[in-house]
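Please keep it in view while reading.

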Amino acid sequence: FSQASGIFNRHLTVVEEQMLFDYPLIKNINIKYSAPGTINVTLSDRKPVMMVDYFSTFLYVDTQGYVLAVNSDGIDNNLPIVQGIDIDTYKVGTPLTLETNKKIDAAIKLCMVISELSMNDYIDIIDISNYNNIRMFCAPSLAIEFGSLENLKVRLSILKSVFDTGKDGYSNGTIDMTGGNTPVFKENITE
């Protein structure tokens, strides 16, 4: 019986690999056979932290850079849209090239902390064209000059407190955080 169980477990490994290939939202899966006639399945899923703008199609990307799905119909308001990343090609279920693209790595770090601090409702668009001079936008009329990722969590916590005190997407202006940890609000002057 132990020999048959070993063969069956090897077959389950093949099933696990096929599931990981077929379903990009599955991060890890473990299928075990336990007598009598019971199969235990343990899995963890991938969750998107951002949407990457790719020629007006949006790629849902997780914390490891994996493309989980593609959305061409509309925008998911719970995730920031990242612009300014140059992507040659992508495939659902595989990671974007992280080693050669510092912008992708920077966007993932930034979006992970935004999600951790529950700031997804505040930030609509992140422009990472220059990852040393990141800009963010809150609809309809607030821009944030964020600068680099230096002291990321501290600076995002400060930004969140600014949002919590009333400066939000309806504040017509720019929050400048490039001078360090002290944000400066500059109102847009309209004539």
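Phe-55 is found in the loop between E3 and E4, where helices (H or I, at least four residues) and strands (E, at least two) are DSSP runs, numbered from the N terminus. The model is a predicted one, in which local features need pLDDT of at least 70 and side-chain atom pairs count only at pLDDT 80 or more, while totals for chains, interfaces and linings use all residues. Residues are numbered from 1 along each chain as its sequence is written, and side-chain values use heavy atoms, with hydrogens and water left out.

- Phe-55 has a positive phi of about 50° although it is not a glycine.
- Most residues other than glycine have a negative phi, and most peptide bonds are trans.
- Phe-55 counts as exposed because its relative accessibility is 69%; buried means under 20% relative accessible area, exposed over 50%, and partly exposed in between (1.4 Å probe, protein chains only).
- Strand E3 (residues 50-54) and strand E4 (residues 57-61) run antiparallel and are joined by 5 bridges; two strands pair if DSSP finds at least two bridges between them.
- Within this pairing, Asp-53 stands opposite Phe-58 in E4.

**The sheet as a whole**

- The order E5-E4-E3-E6-E7-E8-E9-E10-E11 describes an open sheet of 9 strands with mixed pairing.
- Strand E5 (67-71) and strand E11 (184-187) stand at the edges with a single partner strand each, so one side of each has no neighbour in the sheet.
- On average, neighbouring strands of this sheet are turned by 25° against each other, direction ignored; axes are lines fitted to C-alpha atoms, for helices over the stretch in contact, and angles run from 0 to 180 degrees between N-to-C directions.

- Strand E8 (residues 134-138) has a covered face made of Ile-134, Met-136 and Cys-138, and its uncovered face holds Arg-135 and Phe-137.
- Pro-140 sits in the loop between E8 and E9, and the peptide bond from Ala-139 to Pro-140 is cis, with omega near 0°.

**Helix H3**

- Asn-151, in the loop between E9 and H3, is not a glycine but has a positive phi of about 50°; with a relative accessible area of 44%, this residue is partly exposed.
- Helix H3 (residues 152-164) lies across E8, E9 and strand E10 (173-176), at about 160° to E9.
- The 13 residues of H3 reach 18 Å from first C-alpha to last, close to the 18 Å expected at 1.5 Å a residue; the expected span is 1.5 Å times one less than the number of residues.
- Leu-152, Arg-155, Leu-156, Leu-159, Val-162 and Phe-163 are buried in H3. They cover an arc of only 110° around the axis, which puts them on the same side of H3; the arc is that of the directions from the helix axis to the C-beta atoms.
- The buried residues of H3 pack against helix H2 (102-116), E8, E9 and E10, contact meaning heavy atoms within 4.5 Å.
- Gly-166, which follows H3, has a positive phi near 120°.
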